[in-house]
Amino acid sequence: GSPIGGVFVVDPVNGTANGPVLSGTVARFGLAGDRLVVSRTVLRGALPRSEVLAVATAAPSTPLWTLEANNAVDLIAPNGQHVALTGPFTSVGGLTRNGLYAIDLRTRRVTSFAPFTPVTVASNVSSLAVAGSLLLVGGNVFQDTSALVAFDRASGAVLTWAPVPNG
C-alpha cells in the first residue's frame, strides 16, 4: 500500500495504533511536559507549507497552536515551557530570525531570543539541546569553526564556553 504520514497514537500495551491524529509529513517532534511539539509539511491547496505546532498529549488531534515557517524545521529541542527550533528558515509565525528560534509554549509566541548567527547556522546545525539557562548548538555554527556553541537563553549572547569535539 501507499505510505501514510502523520502522527499516530499507539497503545504501549497492545501496540494498536489510532490515527493518524495529525496529517502531513512529520519531520521532527519533541515532548515538552504534556505537549508534543511537531514540525511537519502539509499541503495548502497545491503548495507545501512547513509548520511547527503543539498538541496536548491527552488530545493530539486538535492543535493547541500552529505557526507557519517559510522553510523546514530541522531540529526541535523542547525544555519546560520553551522549545528551540533550527532549520533553513528565516521566518516563523511571521517573525524574522536567522534560523534559530525559541517559542514560549504558554504564550504560543516566538520569543525575543535572537542570537547573533550568520546565515550558515540554518543549514549547518547538526544538534540542538537545552540545558538549564543554556542553548547548546552543535555543527558548523560559525563559518570558521565546527564545534559546540553555548548561547544564553535569556539574552542570546554567545558564551565563552566553546569546546571543539574530536571527531
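Analyst: Start with strand β5, which is joined to strand β6 (residues 59–69) by seven bridges, the two running antiparallel. This is a predicted model: local features need pLDDT of at least 70, side-chain atom pairs count only at pLDDT 80 or more, and totals for chains, interfaces and linings use all residues. Residues are numbered from 1 along each chain as its sequence is written, and side-chain values use heavy atoms, with hydrogens and water left out.

Two terms come up at once. Strands (E, at least two residues) and helices (H or I, at least four) are DSSP runs, numbered from the N terminus. Two strands pair if DSSP finds at least two bridges between them.

Now look at how β5 meets β6. A hairpin of two residues joins them. Within this pairing, E51 has E68 in β6 as its bridge partner.

Turn to the other partner of β5. Strand β4 (residues 35–44) is joined to β5 by 10 bridges, again antiparallel. L43 has P48 in β5 as its bridge partner. These two strands also form a hairpin, with two residues between them. G45 sits in that turn and has a positive phi of about 70 degrees.

Is β5 enclosed or open? Seven of the 10 residues of β5 (residues 47–56) are buried, so the strand is largely enclosed by the rest of the structure. Here buried means under 20% relative accessible area, exposed means over 50%, and partly exposed lies in between (1.4 Å probe, protein chains only).

A charged pair also links β4 and β5. R40 forms a salt bridge with E51, and their closest N and O atoms are 2.9 Å apart. R40 lies in β4 and E51 in β5, so the pair ties together parts that are 11 residues apart in sequence. The term asks for a side-chain nitrogen of Lys or Arg within 4 Å of a carboxyl oxygen of Asp or Glu. R40 and E51 are both buried.

The structure holds two salt bridges. R106 and D104 form one of them, at 3.4 Å from N to O. R106 counts as exposed, because its relative accessibility is 53%. D104 is buried, with a relative accessible area of 11%.

Go back to E68. S91 touches E68, along with A69, N70, T96 and Y101, not counting residues up to four places away in sequence. Contact means heavy atoms within 4.5 Å. S91 is in strand β9, and it is buried at 17% relative accessible area.

Follow Y101 next. F89 and Y101 form a tilted aromatic pair, 5.1 Å centre to centre, with 55 degrees between the planes. F89 lies in the loop between β8 (82–86) and β9 (91–92) and Y101 in strand β11, so the pair ties together parts that are 12 residues apart in sequence. Rings of Phe, Tyr and Trp (its six-membered ring) pair if their centres lie within 6.5 Å; planes under 30 degrees apart are stacked, over 60 edge-to-face, and the rest tilted. F89 counts as buried, at 0% relative accessibility. Y101 is also at 0% and counts as buried.

β7 and β8 pair over five bridges, and A77 has A84 in β8 as its bridge partner. The two strands form a hairpin with two residues between them, where G80 has a positive phi of about 60 degrees. Four of the five residues of β8 are buried, so this strand is largely enclosed by the rest of the structure.

Five bridges also pair β8 with β11, and V83 stands opposite I103 in β11. I103 in turn stands opposite V110 in β12. β11 (residues 100–104) and β12 pair over two bridges.

G99 is in the loop between β10 (95–96) and β11, and it is buried, with 0% relative accessible area. G99 and T86 are 13 residues apart in sequence, and their C-alpha atoms are 5.3 Å apart in space.
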